[in-house]
Amino acid sequence: WGYVGWWLPQSWRSAPLEKFDRLLFFDLKVNADGNIIERRGWPEEWVDFRAAARLSGTPIDVTLTLFDSDAFNGLFASFDSAQRLVDHAIALATQPDVAGLHLDFEIYGLAHSQSIENFRTFVRLLSNRLQQISPRKNLSAFLTVGGESSLFDPSTLSLFDQIVIQGYDVHWTGSTSAGPVAPVSGEDAWTWEKMSTRATALGIQREKQFLGFPLFGYE
């Protein structure tokens, strides 16, 4: 798999697209009322990329992102705005060259219990509607490490075709101590082994687990 970042609009041209199982276009930003407020030029400004992926036979999933806990709590405080997001997501999934959706909701602050419950209902509704589309659309999600609240439970995670586990940023620029970005094993609070163990404990089958691989470091 590979993420195609909107801020590197030509990066895909030097990549062997046919060697990827999937490409995840990153990202379309969601706000608290259920609307998509930033589309990064998708799909109009990505005609060449879409055509190249089509030629290589590599499916594209579109990534929906939400990184703010206040926006998350506002979005899922009631189900009206969540239903609006479902409708927008389905409209995206039925666009030409879109093979599925990827949810990257990284909430490190406090998420309210009712908002978490409504989020899980949102995932169920989205999954059901995606399965009704022919051909069926893929649904995956990003699973963060740490944070005050757990958005996912085993039942909700079972609805996804794949889960991308945050396999990086164990140490970062604001860390209190230096260390590796993505340790495989050892005494760090999080390692690839510990992340995979946690994912398995949440009921995610091993063949559905993907570890995000960092091609960067910090000084």
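Trainee: How much space lies in the largest cavity?
Mentor: About 30 Å³. A caveat on the source: this is a predicted model, where local features need pLDDT of at least 70, side-chain atom pairs count only at pLDDT 80 or more, and totals for chains, interfaces and linings use all residues. Residues are numbered from 1 along each chain as its sequence is written, and side-chain values use heavy atoms, with hydrogens and water left out.

Trainee: What counts as a cavity or a pocket here?
Mentor: Work on a 1 Å grid over the protein atoms alone. A cavity is a set of points where a 1.4 Å probe fits but cannot get out. A pocket is an open set with protein on both sides within 12 Å along at least five of seven lines. Lining residues have an atom within 4 Å of a point. Points are joined across faces, edges and corners, and a volume is the space filled by probe spheres set on them.

Trainee: How many cavities of 30 Å³ or more does the search find?
Mentor: One, over the whole structure.

Trainee: Which residues line the largest cavity?
Mentor: Ser127, Leu130, Gln131, Arg136, Lys137, Leu139, Leu159 and Asp161. Helix 4 (residues 113–131) gives the largest share, three residues. Helices here are DSSP runs of H or I with at least four residues, strands are E runs of at least two, and both are numbered from the N terminus.

Trainee: And by class, what is in that lining?
Mentor: Three nonpolar, two polar and three charged residues. Nonpolar means Ala, Val, Leu, Ile, Met, Phe, Trp, Tyr, Cys and Pro; charged means Asp, Glu, Lys and Arg; the others, Gly among them, are polar.

Trainee: Now the largest pocket. What volume does it have?
Mentor: About 1200 Å³. There are 40 lining residues, and the closest to the centre are Tyr3, Tyr168, Gly212, Phe213 and Phe216. The classes are 29 nonpolar, seven polar and four charged.

Trainee: Where is Phe210 placed?
Mentor: In strand 8. Phe210 is partly exposed because its relative accessibility is 26%; buried is under 20%, exposed over 50%, and partly exposed lies in between (1.4 Å probe, protein chains only).

Trainee: What does Phe210 touch?
Mentor: Leaving out residues up to four places away in sequence, Trp1, Gln162, Ile163, Val164 and Ile165. Contact means heavy atoms within 4.5 Å. Phe142 is 68 residues from Phe210 in sequence, yet 9.3 Å away C-alpha to C-alpha.

Trainee: Switching to Thr144. Buried or exposed?
Mentor: Buried, because its relative accessibility is 13%. Thr144 sits in the loop between strand 6 (138–143) and helix 5 (154–157). Beyond four places in sequence, Thr144 touches Glu106, Tyr108, Gln166 and Arg198.

Trainee: Zoom out. How many helices and strands does the protein have?
Mentor: Six helices and eight strands. In sequence order the pattern is β-β-β-α-β-α-α-β-α-β-α-β-α-β.

Trainee: And what share of the residues is buried?
Mentor: Buried residues are 47% of the 219. Among contacts with a separation of 6 or more, 68% join residues 24 or more positions apart. The C-alpha atoms fill a box of roughly 45 × 45 × 30 Å along the principal axes.
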